[in-house]
Amino acid sequence: MTDHPLVRLETLALIAIGGFAGANLRFFTAGLFSDVLAVLLVNVVGSFLLGFVVYEAQYVGVVDRKARLVFTTGFLSSLTTYSTFAVQTALAARPWLLVGIVVANYGLGFTGVLAGRELARKVRDWRPAPTGGETA
């Protein structure tokens with residue numbers, strides 16, 4: 001019974017925990033790198049992870065639906081920050097910097113999704129070596 005209020009409350013709490021972790025990881029990343037690089041890094045890594053999780057669900061389906069929701073809606077949506085990317089773009093002092101920020105975030109973000117999809121395909125195709133029988 002997934003419509004029960006306690007089940008929905010549990011899901012909301014798990015999303016909040018994921019969001020807390022994602023937001024804190026983004027904050028930590030911003031302390032290690034310049035603002036533009038930190039935003040690019042979290043957006044690209046978040047795109048890669050989102051691509052993997054989405055395609056893992058399509059190809060393999062090992063990750064539970066609720067876990068995917070918590071990870072994507074909670075953690076990754078708080079980790080990535082396209083709103084800050086938009087503000088950085090608007091504040092870019094030089095046209096080449098503006099273009100570089102846009103191309104890097106969208107280009108590398110899309111590349112991250114494709115790389116995540118490829119990893120999900122490899123996970124799908126991975127088969128453990130058969131065991132059995134005696135070896136001399």
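Predicted model: local features only at pLDDT ≥ 70, side-chain atom pairs only at ≥ 80, totals over all residues.

Me: Thanks! How many helices and strands does the protein chain have?

Reply: Helices (H or I, at least four residues) and strands (E, at least two) are DSSP runs, numbered from the N terminus. Starting at the N terminus, the elements read α-α-α-α-α. The totals for the protein chain are 5 helices and 0 strands.

Me: Is the chain spread out or compact, and what is its radius of gyration?

Reply: The C-alpha atoms fill a box of roughly 70 × 50 × 25 Å along the principal axes. The radius of gyration is taken over C-alpha atoms, and the globule rule is 2.2 Å times the number of residues to the power 0.38. For 136 residues that rule gives 14 Å, and the chain is well over it, so it is more spread out than a compact globule, with a radius of gyration of 19 Å.

Me: What percentage of the residues count as buried?

Reply: Buried means under 20% relative accessible area, exposed over 50%, and partly exposed in between (1.4 Å probe, protein chains only). Areas come from the Shrake-Rupley method with a 1.4 Å probe, and for residues, only the protein chains shown count as cover. The accessible surface of the chain is about 9,100 Å², with 69% of it belonging to carbon and sulfur atoms. Of the 136 residues, the buried share is 27%.

Me: Against which helices do the buried residues of helix 1 pack?

Reply: Helix 1 has 28 residues and reaches 41 Å from first C-alpha to last, where the expected span is 1.5 Å times one less than the number of residues. Its buried residues include Thr11, Ile15, Gly18 and Gly22. An α-helix has 3.6 residues a turn, so residues three or four places apart point the same way. With contact meaning heavy atoms within 4.5 Å, the buried residues of helix 1 pack against helix 2 and helix 3.

Me: Why does Gly22 count as buried?

Reply: Gly22 is in helix 1, and beyond its neighbours within four places in sequence it contacts Phe75, Ser78 and Leu79. Its C-alpha is 8.0 Å from that of Thr80, 58 residues away along the chain. Gly22 counts as buried because its relative accessibility is 0%.

Me: Which residue caps the N-terminal end of helix 3?

Reply: A polar contact is a pair of N or O atoms within 3.5 Å; within protein, one must be able to donate a hydrogen and the other to accept it, and residues adjacent in sequence count only if both atoms are side-chain atoms. Here a side-chain oxygen lies 3.0 Å from the backbone nitrogen of Lys66. The capping residue is Asp64.

Me: What relative accessibility does Thr81 have?

Reply: Thr81 lies in the loop between helix 3 and helix 4 (82-91). Setting aside residues up to four places away in sequence, Thr81 touches Arg26, Val39, Val42 and Asn43. Thr81 counts as buried, at a relative accessibility of 4%.

Me: Which backbone oxygen does the side chain of Asn105 reach?

Reply: Asn105 belongs to helix 5 and is buried, with a relative accessible area of 2%. Apart from neighbours within four places in sequence, its contacts are Val39, Leu40, Asn43, Tyr82 and Phe85. At 3.0 Å, the side chain of Asn105 reaches the backbone oxygen of Ile101.

Me: And how far apart in space are Ala92 and Leu9?

Reply: Ala92 sits in the loop between helix 4 and helix 5, and is buried with a relative accessible area of 17%. Ala92 and Leu9 are 83 residues apart in sequence, and their C-alpha atoms are separated by 42 Å.

How values were computed
Residues numbered from 1 in each chain as written. Heavy atoms only, no water.
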